[in-house]
Amino acid sequence: MKKEVIEIYTDGACKGNPGVGGWGALLRHDGKTRELHGGESQTTNNRMELTAVIRALEALKPGSRARLHTDSQYVQLGIRSWIHTWKKNGWRTADRKPVKNEDLWRRLDELAREHEIEWLWVRGHVGNPGNEKADELANRGVAEVMK
């Protein structure tokens with residue numbers, strides 16, 4: 001029997017870059033919805049995009065099937081393409097500089113190997129309900145840090 005696919009939408013937000021940031025994730029499965037969000041006082045947009053994906057994958061049972069929607073080309077291209085070269089190069093970029101956000105990329109790499117994931121890029125802020133909700137959750141994370 002084939003496992004049900006969990007639909008995941010993630011987003012990150014940052015007020016200033018670096019600045020106060022937030023992340024959000026929306027998980028949908030079997031008619032149920034789960035919302036996750038959080039924030040940090042000093043971070044970057046890319047760190048929040050990665051954190052959203054990491055927190056969503058950490059919420060899954062091992063061996064889950066997921067369709068992960070992100071509006072971050074940094075995340076989507078990083079996990080599908082760039083990470084393989086970074087690992088071969090000892091976590092260095094093509095021009096031999098350290099990979100930015102290596103700690104988060106390493107964690108995401110671990111989690112990605114635990115699940116069967118279809119990585120999808122979606123255009124942000126064009127009315128996609130899942131993406132809009134993830135954006136709302138990310139901004140809620142920012143607001144909670146700024147209180």
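1. For a chain of 147 residues, a compact globule would have a radius of gyration near 15 Å, and the chain has 15 Å, which agrees. Here the radius of gyration is taken over C-alpha atoms, and the globule rule is 2.2 Å times the number of residues to the power 0.38. Along the principal axes, the C-alpha atoms fill a box of roughly 45 × 45 × 25 Å.

2. A note on the basis. This is a predicted model, in which local features need pLDDT of at least 70 and side-chain atom pairs count only at pLDDT 80 or more, while totals for chains, interfaces and linings use all residues. Residues are numbered from 1 along each chain as its sequence is written, and side-chain values use heavy atoms, with hydrogens and water left out.

3. The chain contains four helices and five strands, in the order β-β-β-α-β-α-α-β-α along the sequence. Helices (H or I, at least four residues) and strands (E, at least two) are DSSP runs, numbered from the N terminus.

4. Of the 147 residues in the chain, 46% are buried. Buried means under 20% relative accessible area, exposed over 50%, and partly exposed in between (1.4 Å probe, protein chains only). Among contacts with a separation of 6 or more, 65% are between residues 24 or more positions apart; a contact means heavy atoms within 4.5 Å.

5. Helix H1 covers residues 45-58, which is 14 residues. From first C-alpha to last, H1 reaches 20 Å, close to the 20 Å expected at 1.5 Å a residue. The expected span is 1.5 Å times one less than the number of residues in the helix. The buried residues of H1 include Met48, Leu50, Val53, Ile54 and Leu57; Glu49 is also one of them.

6. Helix H3 runs over residues 102-114. Its 13 residues should span 18 Å at 1.5 Å a residue, and the end C-alpha atoms of H3 are 19 Å apart, which agrees.

7. Which residues of H3 are buried? They are Leu104, Trp105, Leu108, Asp109, Leu111 and Ala112. An α-helix has 3.6 residues a turn, so residues three or four places apart point the same way. The buried residues of H3 pack against H1, helix H2 (73-88) and strand E5 (116-121).

8. Glu102 lies in H3. Is Glu102 buried or partly exposed? Glu102 is partly exposed because its relative accessible area is 25%. Glu102 and Leu120 are 18 residues apart in sequence, and their C-alpha atoms are 22 Å apart in space.
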